[in-house]
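Open the model in your viewer and get your selection tool ready. We will go from stop to stop, with a note on what to select at each.

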Amino acid sequence: MKLASILILLFCASVHADFDAMVAVTRQDPSMDWWYAVPGEFTPKISTVSSVTKDEYFRIIPFFNKYGIDSNRAAHISFDVEVIRPDGSIDISMSDCEGYSGPVKSKTLLPAQAILNMCFDPEDPYGDYRIRVTSVDHVSNETLIQEESITLKEMTLEKLTASERDQLFFNYATAPDPSRAFAAFLETEHSFFNEESEPIWSAIWFFKTIFENNPYLLPHLQEIYPAGTRKQKRDIILLLSLLGQSELLPRISSDLKTYQRGVEAGRIPNPYDEITTGKQLDMLWAEFFATGTVKPIEQIISALQLVEHLGTLDKIKAGELDIDELEVYRAGMLEAVFQSALWSLKSNCRECPLVFQYAVGILNSGKLEKPVQSCLGMLLKSIANESESQPKENL
């Protein structure tokens, strides 16, 4: 087993009462935006996993509850980790990892400051592994031993229905499954290009981001390519081109070589430049659904500053402005981008609770410029009002 890193996250959350802890084995992003960027009034969603494949990274995150605090209102917790092979031998052992050290704002569930980022090596045997975590509360002088299990399985190509492939896009942010995404990529029936031969960024950037964050999938792409359908070969060429990994391709036919040159000659928008096009919004939404991180949501919200162009399209339609004038045309296009950002935020806030929670946190941060703050505030208020009138609707 390989330990890629121990990520130390320094964030802050009575005397102890029966020290308690839980251990989450998850594929969720190790930055833990899904925990720390979610405001306190919401309950973060922890998505655990029971099996992985070789070279696939996963996280071991202890959470602590009912811990003691000292006279300085600080908690002091450490933990040890053992990963035990199917035959009972020790695969990896780590001692005195940083559980939590420092002041606490309130007595609440604390994630460990050290997050273990691990994967199984090619030589590790398949089977069921035990993860034993020994947590020590140094204030209350209590020790707690807990075990979780994870199964190392061989990589298989799962057959997904069209509905399952669609749901994967919306569920992936909170419940990542790279192997399932691998299958969805190969089984996608629709082209990754639109009628104007432009990439459908909302689709291909989603898969590009997943493969970029999970390089263990790339050798499996190489294995699939020779026996793949023509569409699969074209899609693999497109994906590897976007990843800058075209050298992984085997010898390809002359017509596909021509296709490859065309793909590589295409311009890739930068979603983190100032937002002026819908393509950037599509890429940012794809990145969010592929990672569950807050950064792309922050960038999408920044597009609300284009509210200054609101009304341009109505004036063009009424004949008050001439669309043939360059500045008018540009202002009209920017209003269209604003409307798209506003609509997509509203739609995804309704469909994905994490989007709504991130947006509330960003609004409450006090870092937004006044026009953006006002626009986002009205948007979130309208969604909250809808929720109150329809109590069964799940934000």
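Start by selecting strands β9 and β10, which make a hairpin with four residues between them; strands here are DSSP E runs of at least two residues, and helices are H or I runs of at least four, numbered from the N terminus. In the turn, click on N141, whose phi is positive at about 60°.

Before moving on, note that this is a predicted model, where local features need pLDDT of at least 70, side-chain atom pairs count only at pLDDT 80 or more, and totals for chains, interfaces and linings use all residues. Residues are numbered from 1 along each chain as its sequence is written, and side-chain values use heavy atoms, with hydrogens and water left out.

Now show β10 (residues 142-152) beside β9: the two pair antiparallel over eleven bridges, where pairing takes at least two DSSP bridges. Find V133, whose bridge partner in β10 is Q146.

Colour β9 (residues 127-137) by accessibility: eight of its eleven residues are buried (under 20% relative accessible area, with exposed over 50% and partly exposed in between, using a 1.4 Å probe and protein chains only).

Last, select the cysteines. The structure holds zero disulfides (pairs of cysteine sulfur atoms within 2.5 Å). For C97, the nearest cysteine sulfur is that of C119, 17 Å away. C97 counts as buried at 6% relative accessibility, and C119 counts as buried at 1%.
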